[in-house]
Amino acid sequence: MMQVIAIHGGEAYNSYSDYIKDLKKMPVDKSDFLPKTNEKWRYNLQKELGNQYKVLVPIMPCSYNAKYKEWKIWFEKMLPFVKSGAIFVGHSLGGIFLAMYFAEKGDIKKTKGVFLIAAPFYTKSSKEHIADFVLPNNLNKLKKLGPKLHVYHSTDDVVVSFNDFKMYRKSLSLAQSKVFKNKGHFAQKSFPELVKDIKNL
């Protein structure tokens with residue numbers, strides 16, 4: 001049975017005061033306090049991929065004010081349960097998290113594929129940073145994934161700039177890339193293109 005690990009996105013801030021300011025003005029409605037089981041595509045991956053796959057959807061620590069070090073600790077607690085040949089999927093902040101982790105550790109678990117979906121691309125020289133989610137200058141270990149690395153982005157994404165996708169494509173020339181025109185920040189309930197690509201690995 002093939003394992004798929006889907007890492008969700010989140011928010012990250014350069015200072016605690018920025019986080020508090022944003023938390024105070026964050027709009028909410030009643031649905032924010034109701035149980036959520038299938039409103040995002042990652043929760044529907046298991047049903048759409050079928051019984052030949054086992055999808056893990058870990059809840060990463062403090063997603064409203066995420067820190068890479070905390071996510072790394074939690075992620076590594078999960079790894080003993082992950083089999084060789086697993087597939088990793090990261091959306092938004094989860095995407096840059098996986099990019100950073102694989103850039104640091106290399107091809108863990110002899111992965112079958114890594115999917116970075118609407119992932120920010122920040123380095124130390126970038127004008128913008130999001131807390132400690134910053135890619136290392138040396139991406140050689142990430143590059144070695146070659147075509148096992150898949151980078152997706154939509155041109156109408158208003159959360160993460162399409163320029164970030166261009167930076168991934170420039171830095172990771174062997175990675176497979178896919179451009180969408182109407183997916184926004186990939187908040188839809190179903191993601192048939194991803195399901196198809198996972199099944200085609």
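Reply: Happy to. The largest pocket is lined by 45 residues, and Gly9, Gly10, Glu11, Ser92 and His185 are the ones nearest its centre. A pocket here is an open set of points on a 1 Å grid over the protein atoms alone, where a 1.4 Å probe fits, with protein on both sides within 12 Å along at least five of seven lines; lining residues have an atom within 4 Å of a point. Keep in mind that this is a predicted model: local features need pLDDT of at least 70, side-chain atom pairs count only at pLDDT 80 or more, and totals for chains, interfaces and linings use all residues. Residues are numbered from 1 along each chain as its sequence is written, and side-chain values use heavy atoms, with hydrogens and water left out.

Me: What volume does the largest pocket have?

Reply: About 1,500 Å³, counted as the space filled by probe spheres set on the points, which are joined across faces, edges and corners.

Me: Which elements give two or more residues to its lining?

Reply: Those are α1 (16-25), α2 (41-49) and α6 (162-171). Helices (H or I, at least four residues) and strands (E, at least two) are DSSP runs, numbered from the N terminus.

Me: And how does the lining split by class?

Reply: It has 21 nonpolar, 13 polar and 11 charged residues. Ala, Val, Leu, Ile, Met, Phe, Trp, Tyr, Cys and Pro count as nonpolar, Asp, Glu, Lys and Arg as charged, and the others, Gly among them, as polar.

Me: New topic: how many salt bridges are there?

Reply: The search of the whole structure finds 5, a salt bridge being a side-chain nitrogen of Lys or Arg within 4 Å of a carboxyl oxygen of Asp or Glu. One of them joins Glu104 to Lys72, with the closest N and O atoms 2.5 Å apart. That pair links distant parts of the chain, with Glu104 in helix α4 (residues 93-105) and Lys72 in helix α3 (residues 68-78), 32 residues apart.

Me: Is Lys72 buried or exposed?

Reply: Lys72 is buried, at 19% relative accessible area, while Glu104 is partly exposed at 33%. Buried means under 20%, exposed over 50%, and partly exposed in between (1.4 Å probe, protein chains only).

Me: What else does Glu104 pair with?

Reply: Glu104 also meets Lys105 in a salt bridge, at 3.9 Å from N to O. Lys72, Glu104 and Lys105 are therefore linked in a network of salt bridges.

Me: Which residue does Lys148 meet in a salt bridge?

Reply: Asp107, at 2.6 Å from N to O. Lys148 is in the loop between α5 (140-143) and β5 (149-154), and Asp107 in the loop between α4 and β4 (113-117), 41 residues apart.

Me: Okay, switching to rings. How many aromatic pairs are there?

Reply: The count comes to 20. Rings of Phe, Tyr and Trp (its six-membered ring) pair if their centres lie within 6.5 Å; planes under 30 degrees apart count as stacked, over 60 as edge-to-face and the rest as tilted. Trp71 and Phe97 have ring centres 5.8 Å apart and planes at 65°, so that pair is edge-to-face.

Me: Where do Trp71 and Phe97 sit?

Reply: Trp71 is in helix α3 and Phe97 in helix α4, 26 residues apart. Trp71 is buried at 0%, and Phe97 is buried at 0%.

Me: Which residues form the aromatic cluster?

Reply: Tyr68, Trp71, Phe75, Phe88, Phe97, Tyr101, Phe102 and Phe133 form one cluster.
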